[in-house]
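Open the model in your viewer and keep the sequence at hand. The stops below go from one selection to the next.

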Amino acid sequence: LQNQQLLETGNLYLKVLCLHAGLELHLKEQILSHQALEEALSDPKNGQSAFKHLKQQASILGNMEKLHLLGPGRCFVEFGAGRGKLSHWVDVALQNVENIQFLLVERATTRFKVDGKHKRRDSVFERLQVDIQHLCLKKVPVLEKKKLPVVGIGKHLCGAATDLALRCLVESYTACSDGENEEPAPKRSRTDQTEMASNNSADTESNKDDCKRVAGIVIALCCHHKCDWTHYVGREFFKSVGLGPVEFHYFQRMSSWATCGMRETTTKSSTNGESEDQTNEAEEHEQTFSKTENGSDTLQGTFTVEERKEIGCLCKRLIDHGRIEYLQRRGYQAALQYYTESAVSLENVLLTAIPSPSLIPEPTT
């Protein structure tokens, strides 16, 4: 049985290599910073763990600024918000900007929240304790009332949570109409099949409406081994290249090999004198990776550490490419880039998406 598994793994590795021949293997490096974090980055009171998180947050904000996403009249939705630090720094960066709303989505009860640091009167913070898969943004009162363009953000949004966030933004939220007195859609009969088919010709107009609602997406990816085929947004891409849920399961498991050094790194950070609130995120990743590695020993057998890292990285890129194609089909310019050094975080890939210029509605005269 073990030999059979190793053979299957080898075949999958060859499939990955072949598939990646047509994909972008080498991501561009876009490590940026933002002046909002300059003081914190130069504060000697911050330990090593806190400094690494600050560098990541600074680069995320720098990438947001480059995409012109830091502006007035927007609602920033932080998925997997945890303590809410990313939203906090976005708020600091927008200290002179009006009409800003923050929605912090987190299903778990969170300690050490930074919500109390938000002192500006013209920015509003609201926490939503809900699982992302159960969140319908168009029913959140502030968005229902103000109809603000949304910017979806996240730092280390684990596995399936990324796919759920993408669906929440580009499917659930953008499915609503701009009409003030929207009527519920009537139930369709079988005779409506032709009408549904004819609606495909209006896809471009639909995408234009969508672009009014989602101004951009900026998510630092994480924990691909926690992805789930049921929620994965790239299933259409996988199927187009002859892969399905069985192959996805193997790619998902092997993706953890890319960060096999995470366990050692996080163990050191948790014992270097940092406070509990600074290391809790690292400890969560340590627990996740140790469980994954213990459960995949039979698949690691004949590969060296470097080979496992290479396979793991290829699996990550394959999974992420499905996400990029998903966003592109829905009218977005989507990209992947390294947003920080691997020494700062082994999970150092940022997914960004903005509406395609060709689909943004022309201003009325």
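Is Ser356 buried or exposed? This is a predicted model, and in it Ser356 has a relative accessible area of 14%. The cut-off for buried is under 20%, so Ser356 counts as buried. To find Ser356, select strand 8 (349-355) and look at the segment after it.

Next, show what surrounds that residue. Leaving aside residues up to four places away in sequence, Ser356 touches Gly331, Tyr332 and Gln333.

Now select Gly331, one of those contacts. Gly331 follows helix 14, and its phi is positive, near 90 degrees.

From there, step back to helix 14 itself, residues 305-329. How far apart are the end C-alpha atoms of helix 14? They are 37 Å apart. With 25 residues at 1.5 Å a residue, the helix should span 36 Å, so the two values agree.

The last stop is the aromatic rings. Select Trp229, Tyr232, Phe237, Phe238, Phe248 and Phe251: ring pairs link these residues into a cluster. The count of aromatic pairs in the model comes to ten. One of them is Phe238 with Phe251, an edge-to-face pair with 6.0 Å centre to centre and 75 degrees between the planes. Phe238 belongs to helix 9 (residues 235-240) and Phe251 to helix 10 (residues 245-254), so this pair ties together parts that are 13 residues apart in sequence. Colour the two residues by accessibility: Phe238 is buried at a relative accessible area of 0%, and Phe251 is buried at 0% as well.

Methods. Residues are numbered from 1 along each chain as its sequence is written. This is a predicted model: local features need pLDDT of at least 70, side-chain atom pairs count only at pLDDT 80 or more; totals for chains, interfaces and linings use all residues. Side-chain values use heavy atoms; hydrogens and water are left out. Rings of Phe, Tyr and Trp (its six-membered ring) pair if their centres lie within 6.5 Å; planes under 30 degrees apart count as stacked, over 60 as edge-to-face and the rest as tilted. Helices (H or I, at least four residues) and strands (E, at least two) are DSSP runs, numbered from the N terminus. Buried means under 20% relative accessible area, exposed over 50%, partly exposed in between (1.4 Å probe, protein chains only). The expected span of a helix is 1.5 Å times one less than its number of residues. Contact means heavy atoms within 4.5 Å.
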